[in-house]
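Q: Got a model to go through. Can we take it piece by piece?

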Amino acid sequence: MTQDIKKLQEQSLWMRLRIVELAHKVGKLGAHIGGCFSIIEIFSALYASLTKLTGEDRDRVILSKAHAALAHYVLLEAIGVLTKEELVSLKNLIAGLNLE
């Protein structure tokens, strides 16, 4: 149990650092760092408990807190759903998802 908590804490720290890095790259498109930081532990714990991340019957998460979208993208990178290259070109990812 203690190792699980330590792993979630390490993942949360990595996610915060990655959010700051990507927020800098987004530039004038903006990133809501406070909204992202406030949901990181929730995301980490939630996704740690999900067992089906792929396939038609996979578990699904609906994020209604749009200001935390960058945190969601970073988490999806951490679990391998999105690649680092997709997040490096975050402006293109945002345009591709019609979020502008």
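Q: Where do Phe43 and Tyr47 lie, and how many residues apart are they?
A: Both are in helix H3, 4 residues apart, about one turn of the helix. Helices here are DSSP runs (H or I, at least four residues), numbered from the N terminus. This is a predicted model: local features need pLDDT of at least 70, side-chain atom pairs count only at pLDDT 80 or more, and totals for chains, interfaces and linings use all residues. Residues are numbered from 1 along each chain as its sequence is written, and side-chain values use heavy atoms, with hydrogens and water left out.

Q: Why would that spacing matter for direction?
A: An α-helix has 3.6 residues a turn, so residues three or four places apart point the same way.

Q: What aromatic geometry do Phe43 and Tyr47 form?
A: The count comes to 1 aromatic pair. Phe43 and Tyr47 form it edge-to-face, at 6.3 Å centre to centre and 75 degrees between the planes. The rule: ring centres of Phe, Tyr and Trp (its six-membered ring) within 6.5 Å; planes under 30 degrees apart are stacked, over 60 edge-to-face, the rest tilted.

Q: Phe43 and Tyr47: buried or exposed?
A: Phe43 is buried, at 3% relative accessible area. Tyr47 is buried too, at 10%. Buried means under 20%, exposed over 50%, partly exposed in between (1.4 Å probe, protein chains only).

Q: Which residues have the most contacts inside the largest nonpolar core?
A: Ile19, Phe43, Tyr47, Leu70, Ala71, Tyr73 and Val74, in a core of 20 residues. H1 (2-26), H3 (40-49) and H4 (69-78) each supply at least two of its residues. H4 gives the largest share, 7 residues. A nonpolar core is a set of buried Ala, Val, Leu, Ile, Met, Phe, Trp, Tyr and Cys residues joined through side-chain atoms within 4.5 Å.

Q: What is Ala71 in contact with?
A: Met15, Ile19, Cys36, Ile39 and Phe43, leaving aside neighbours within four places in sequence. Contact means heavy atoms within 4.5 Å.

Q: Switching to H1. Which residues are buried there?
A: Gln11, Ser12, Met15, Arg18, Ile19, Leu22, Ala23 and Val26.

Q: And where is Leu50?
A: In the loop between H3 and H4. Leu50 counts as buried, at 17% relative accessibility.

Q: What does Leu50 touch?
A: Asp59 and Val61, not counting residues up to four places away in sequence. Leu50 and Val61 are 11 residues apart in sequence and 9.7 Å apart in space, C-alpha to C-alpha.
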